[in-house]
Amino acid sequence: KSVFKNLTSKGVVVCDRGDLEFSESFTSNGHLTVESSCGLRISAGHTTLDTGNIVVRSTLINEGGSLWLGSASSVTVANISQSSGTLHVAAAHANVSSLHQNGHASRVVVLSGSQLGHAGSVTNINQGSLSGNGAVAGHVNMGGLLTPGMSPGTLVIKGDLVLKSTSVTQLEIQGTAVGQYDTIVVEGDATLGGTLNVTVASGVPLGAGTSIVFLNVTGKVSGSFATVQTTGVSAEFDSTLNGDSLSMSFSVINKAVCGNGKVETSLSETCDDGNTVSGDGCSTSCSVEANWACTGGTAASICSCASGFFGPTCARACNPSATCSGH
């Protein structure tokens with residue numbers, strides 16, 4: 001077993017048998033080749049694979065260190081297994097065939113201009129988080145925290161995205177213009193699930209009718225979020241999700257309350273004449289009062305005496321043989 005501590009390599013490092021461990025600080029500015037017969041483990045510290053040709057044909061195990069795949073390096077890794085620590089991807093093409101992440105403290109950060117994986121890659125984020133402004137190629141299974149952007153920004157999935165029931169998708173809205181809110185772009189199919197958390201920054205003017213498209217899909221959208229939680233939306237408004245087969249948007253709507261001049265079926269209203277006064281046909285709880293009839297559908301209700309009743313409160317019954325009018 002070879003353990004490297006506080007080492008910078010500018011030449012060639014080849015491991016073809018045994019185990020290789022980086023436990024403090026290791027920087028490769030040359031060539032690193034780890035054959036399938038050699039185990040590679042990061043137990044602590046900072047490992048930077050910055051420049052040169054990086055080839056790992058075995059499984060790279062990160063148990064608590066910080067791993068940087070540098071912007072100027074050519075990176076090919078068969079498998080990465082991460083139970084703790086952070087993987088930072090800065091390489092334009094980090095050709096990682098499979099990544100499996102377990103551990104709530106583990107993170108994958110894909111920086112702007114970089115790409116993790118290739119067309120046939122599989123990325124499983126069972127726990128921990130995936131974030132950044134870059135791209136992830138291949139199939140992505142999310143069971144942990146998905147946070148697109150870097151406050152805010154866009155994360156591109158160049159394949160299919162599956163949000164499992166344990167997943168949490170975190171969106172940040174700092175404004176209503178493009179680039180001021182988090183966006184997820186999926187170039188394959190998107191299967192929704194888990195929890196969606198939307199945080200609106202203080203001072204952002206989100207009024208009724210505001211709609212923000214946060215998910216764009218080339219393939220198709222299926223499934224739905226089991227739970228939607230919002231922070232920062234004014235108490236006078238509600239929010240809703242609207243979507244079709246190609247996108248999903250977060251919209252702000254007028255709060256569903258009795259007396260707003262709209263029949264809210266979610267509140268089991270049978271009328272709403274724009275006030276909360278009884279005696280005019282629509283009660284304080286937006287129910288049609290006895291001896292009254294209200295029309296207007298889901299719009300503002302117009303109430304009048306039901307057939308067979310008259311008077312200012314519709315309390316006087318007509319004689320069936322008479323014609324009733326007036327008071």
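Predicted model: local features only at pLDDT ≥ 70, side-chain atom pairs only at ≥ 80, totals over all residues.
Visitor: Which element gives the largest share of the lining of the second largest cavity?
Guide: Two elements, β19 (168-173) and β23, each give two or more residues to the lining of the second largest cavity. The largest share is three residues, and the element that supplies them is β19.

Visitor: What volume does the largest cavity have?
Guide: Searching the whole structure turns up two cavities of 30 Å³ or more. For the largest cavity, the space is about 50 Å³.

Visitor: How many charged residues are in the lining of the largest cavity?
Guide: The lining of the largest cavity includes L161, L163, T169 and F225. Strands β18 (161-163), β21 (190-192) and β23 (211-217) each supply at least two of its residues. By class, the lining has eight nonpolar residues and one polar residue, and the number of charged residues is none.

Visitor: Is T47 buried or exposed?
Guide: T47 belongs to strand β8 (residues 46-89). Leaving aside residues up to four places away in sequence, T47 touches F22, F26, I42, S66, L67 and W68. The cut-off for a buried residue is under 20% relative accessible area. T47 has a relative accessible area of 1%, so T47 is buried.

Notes. Residues numbered from 1 in each chain as written. Heavy atoms only, no water. Helix = DSSP H or I, 4+ residues; strand = E, 2+ residues; numbered from the N terminus. Buried < 20%, exposed > 50% of the residue type's maximum accessible area, 1.4 Å probe, protein only. Contact = heavy atoms within 4.5 Å. 1 Å grid on protein atoms, 1.4 Å probe; cavity = no way out; pocket = protein on both sides within 12 Å on 5 of 7 lines; lining within 4 Å. Points joined across faces, edges and corners; volume = space filled by probe spheres on them. Nonpolar A, V, L, I, M, F, W, Y, C, P; charged D, E, K, R; others polar.
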